[in-house]
Amino acid sequence: MKKWIDLRSDTVTRPTLGMRKAIAEAEVGDDVFGEDPTVNILQERVAGMLGKEAALFVPSGTMANQLAIKSHTQPGDEVIIESTSHPYNFEGGAGAALSGIQFHCLKGLRGILDVSQIEEAIRPDDHHFPVTRLICLENTHNRGGGTIYPIQKMEAIYRFAKPKGLLVHLDGARLWNASVATGIGLHQYAQWADSVSVCLSKGLGAPIGSLVAGSKAFIDRVHRFRKMFGGGMRQVGILAAAGLYAIEHHIERIKEDHQNAKRLALGLSEMEGVSIEPQHVETNIIIFDVSQGGMTASQLAEKMREKGILIHAFGKAQIRLVTHLDVNEEDIETALKAFNEVLGKRQ
Ligand SMILES: *Cc1c(COP(=O)(O)O)cnc(C)c1O
C-alpha cells in the first residue's frame, strides 16, 4: 500500500498499537446511566487538568462547542466571536439552528481579538438591541494559523467580561498545543474562561472524542442538552480509554509536531511563488499563500497529490498544512523535496 504523507489535518491520525490495546482492555458500562468507569475517570482527569469542577465526554468538538453555547444562552442572545473562528464558520450553522443565537463577528489578527474590540461590540442596555451574553475565544486559533492566544489577552477579556455579567467560552480543541508551546498550564489558560472544550481527536491522536468542562451547574445543563442533541452514548469507555491513553502518551510529543511545522515553514519560505511568514507558525498549523505563483491552490494540491503528499487548499490562493502524530521528520523532508520539485527554489 502506498504511504501517503497526509498534511491536510491533525484529525487524520490512526490509533497506535498501544492505544488499540487500551481500547481492547477498557472496562465499560452504560454511560447514559453514568456507569462507564473509564468515561468517569477520563472526565475527572480532564476536569482536573483544566482546573474545572466537572467535564463531560462528547462525540465531537462541534458538539462540545455547541453544547456550551446552548447551555450559556437563550434564543436571540448575541455571541461575540472572531470572524474566522471554528464555531462560526465550520460547525454547519449550529449556533443559529440549535441555540437560536446570533453571532457578532469581530475581525482579529490571525484570530486573536483585543479586549478593546470586545468593549466596543457589547450592546447597550436598550430594547432595540439583542442581549450580549457570551464571548467565544479559540486557542490555538485554527484558521488564524495555529495562533496561540496570549494569556494576558485572555485574562484581560475575562476580567472585562465578569463585572458585565458576560460569560466566556474557550474553544480549546488545540489547547494542548498552546500549552506545550508556551509551557503555560492548561488550567492557567482555562481559568480565564467559564467553559472550555478540548479535542482528543486532533493532535492527541485519539479516534473520536471531545470534552466540555466548567462548573458543576454548567455541566449539569450540558448533560441535559447532550441527551437532547443525541450525544448520549452507551459503552463508550472504549473511546474514553483511547482518550486516556492519548493524554498519558501524546501530549509531550506535540513539541515534535511544532518543530516539524517550523521546519516545513522555513523550507517553504525558500520556494518560488510562496508567501509565508515562518515566524507566524507558532504550533502545528501552517497557512501560506500561492497567489504570487503560477498555480491556484487546488492545482498545487493536485500536483502534490501525484507525489503522494496530501495538502488542503482554502479558496483560490491559500494552503493549510498540519503536522501530527503520523508524520515524522523524514516525512517533512520528503514533503519539502516534493514542494521543491513542483515549485522550485526562489531565484
Ligand atoms: C476541529 C475543531 C473543532 C471541532 O471538531 P470536530 O470534532 O471536527 O467537530 C472545534 N474547534 C476547532 C478550533 C477545531 O479545530
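This is a predicted model: local features need pLDDT of at least 70, side-chain atom pairs count only at pLDDT 80 or more; totals for chains, interfaces and linings use all residues.

Biologist: Which residue does Lys-107 form a salt bridge with?

Modeller: The partner of Lys-107 is Glu-82, and the closest N and O atoms of the two are 3.8 Å apart. The pair links distant parts of the chain, since Lys-107 sits in the loop between β4 (102-106) and α6 (115-121), while Glu-82 belongs to strand β3 (residues 78-82), 25 residues apart.

Biologist: And Glu-82, does that count as buried or exposed?

Modeller: Glu-82 counts as buried, because its relative accessibility is 3% and buried means under 20%.

Biologist: How many salt bridges does the structure hold?

Modeller: The structure holds 18 salt bridges. One of them brings together the side chains of Arg-174 and Asp-10, at 2.8 Å from N to O. Arg-174 lies in the loop between β6 (167-172) and α8 (175-182), and Asp-10 in the loop between β1 (5-6) and α1 (17-25), so this pair ties together parts that are 164 residues apart in sequence.

Biologist: Are Arg-174 and Asp-10 buried or exposed?

Modeller: Both Arg-174 and Asp-10 are buried. For another pair, look at Lys-255 and Glu-252, which form a salt bridge with the closest N and O atoms 3.3 Å apart; here Lys-255 counts as partly exposed at 43% relative accessibility, and Glu-252 is exposed at 53%.

Biologist: Changing topic, which residues are around the ligand?

Modeller: The residues around the ligand include Ser-60, Gly-61, Thr-62, Asn-65, His-86 and Glu-91, and Arg-174, the residue from the salt bridge with Asp-10, is also among them. By class, the shell has one nonpolar, six polar and five charged residues.

Biologist: Which helix gives the most to that shell?

Modeller: That is helix α3 (residues 61-72), which contributes three residues to the shell around the ligand.

Biologist: What about polar side-chain atoms and the oxygen atoms of the ligand?

Modeller: A polar side-chain atom of Thr-62 lies 2.6 Å from an oxygen atom of the ligand, and for Asn-142 the corresponding distance from a polar side-chain atom to a ligand oxygen is 3.0 Å. In the case of Lys-202, an N or O atom of the side chain is 2.9 Å from an oxygen atom of the ligand.

Biologist: How much of the ligand does the protein bury?

Modeller: Taken alone, the ligand exposes 380 Å², and the protein buries 84% of that.

Methods
Residues are numbered from 1 along each chain as its sequence is written. Side-chain values use heavy atoms; hydrogens and water are left out. A residue is near a molecule or strand if one of its heavy atoms lies within 4 Å of it. A polar contact is a pair of N or O atoms within 3.5 Å; within protein, one must be able to donate a hydrogen and the other to accept it, and residues adjacent in sequence count only if both atoms are side-chain atoms. Accessible areas come from the Shrake-Rupley method with a 1.4 Å probe; for residues, only the protein chains shown count as cover. Helices (H or I, at least four residues) and strands (E, at least two) are DSSP runs, numbered from the N terminus. Ala, Val, Leu, Ile, Met, Phe, Trp, Tyr, Cys and Pro count as nonpolar, Asp, Glu, Lys and Arg as charged, and the others, Gly among them, as polar. A salt bridge is a side-chain nitrogen of Lys or Arg within 4 Å of a carboxyl oxygen of Asp or Glu. Buried means under 20% relative accessible area, exposed over 50%, partly exposed in between (1.4 Å probe, protein chains only).
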